[in-house]
Amino acid sequence: METTGLVLLVVGVAAAVLARLALVDRRAARVERKLDLVLDHLGLRDGDPRLPEVRALLHDGRKVEAVRLYREITGAGLKEAKDAVDAME
């Protein structure tokens, strides 16, 4: 009976640690996306070589595709990508 309790305790602790790590990963990714947007806005980063593709799509009136590609390149969320593409206009 003690062994079963110990196994359940270890499994519970492991699940809690994994959940915390997932939360930290999501927060770090969000901070990185925001930092990328700030660096892009200020022109302090070389940028991805595909960003001109985003501008070309935007220039051709294909805004949805530009937002989709921007998200793919940067990992930004939908709102962040739309705001960034809007700023490119």
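**Helix packing and the nonpolar core**

The axes of α2 and α3 cross at roughly 165 degrees and come within 8 Å. Because angles over 145 degrees count as roughly antiparallel, α2 is roughly antiparallel to α3. The crossing of this pair is left-handed. These values, like the others in this section, come from a predicted model.

On the α2 side, the contact is made by L51, E53, V54, L57 and L58. From α3 come K63, E65, A66, L69, Y70 and I73. By class, the contact of α2 with α3 has 8 nonpolar and 3 charged residues. No polar residue takes part.

The crossing of α3 and α4 is right-handed, whereas that of α2 and α3 is left-handed.

Helix α3 brings K63, A66, V67, Y70 and R71 to its contact with α4. Helix α4 contributes L78, A81, K82, A84, V85, D86 and M88. The residues of this contact divide into 8 nonpolar and 4 charged, with no polar ones.

The largest nonpolar core has 13 residues. Within this core, V54, A66, Y70 and V85 touch the most other members. Two or more residues each are given by α2 (51–59), α3 (63–74) and α4 (78–88). Helix α3 supplies the largest share, 5 residues.

Leaving aside residues up to four places away in sequence, A66 touches V54, L57, L58 and V85.

Helix α1 spans residues 2–42 and includes A19. A19 is partly exposed, with a relative accessible area of 45%. That class applies because the value falls between the 20% limit for buried and the 50% limit for exposed. A19 and A76 are 57 residues apart along the chain. Their C-alpha atoms are separated by 22 Å.

Technical notes. Residues are numbered from 1 along each chain as its sequence is written. This is a predicted model: local features need pLDDT of at least 70, side-chain atom pairs count only at pLDDT 80 or more; totals for chains, interfaces and linings use all residues. Side-chain values use heavy atoms; hydrogens and water are left out. A nonpolar core is a set of buried Ala, Val, Leu, Ile, Met, Phe, Trp, Tyr and Cys residues joined through side-chain atoms within 4.5 Å. Buried means under 20% relative accessible area, exposed over 50%, partly exposed in between (1.4 Å probe, protein chains only). Helices (H or I, at least four residues) and strands (E, at least two) are DSSP runs, numbered from the N terminus. Contact means heavy atoms within 4.5 Å. A crossing is left-handed if the near helix is turned anticlockwise from the far one by less than a right angle, and right-handed if clockwise. Ala, Val, Leu, Ile, Met, Phe, Trp, Tyr, Cys and Pro count as nonpolar, Asp, Glu, Lys and Arg as charged, and the others, Gly among them, as polar. Axes are lines fitted to C-alpha atoms, for helices over the stretch in contact, and angles run from 0 to 180 degrees between N-to-C directions. Angles under 35 degrees count as roughly parallel, over 145 as roughly antiparallel, 65 to 115 as roughly perpendicular and the rest as oblique.
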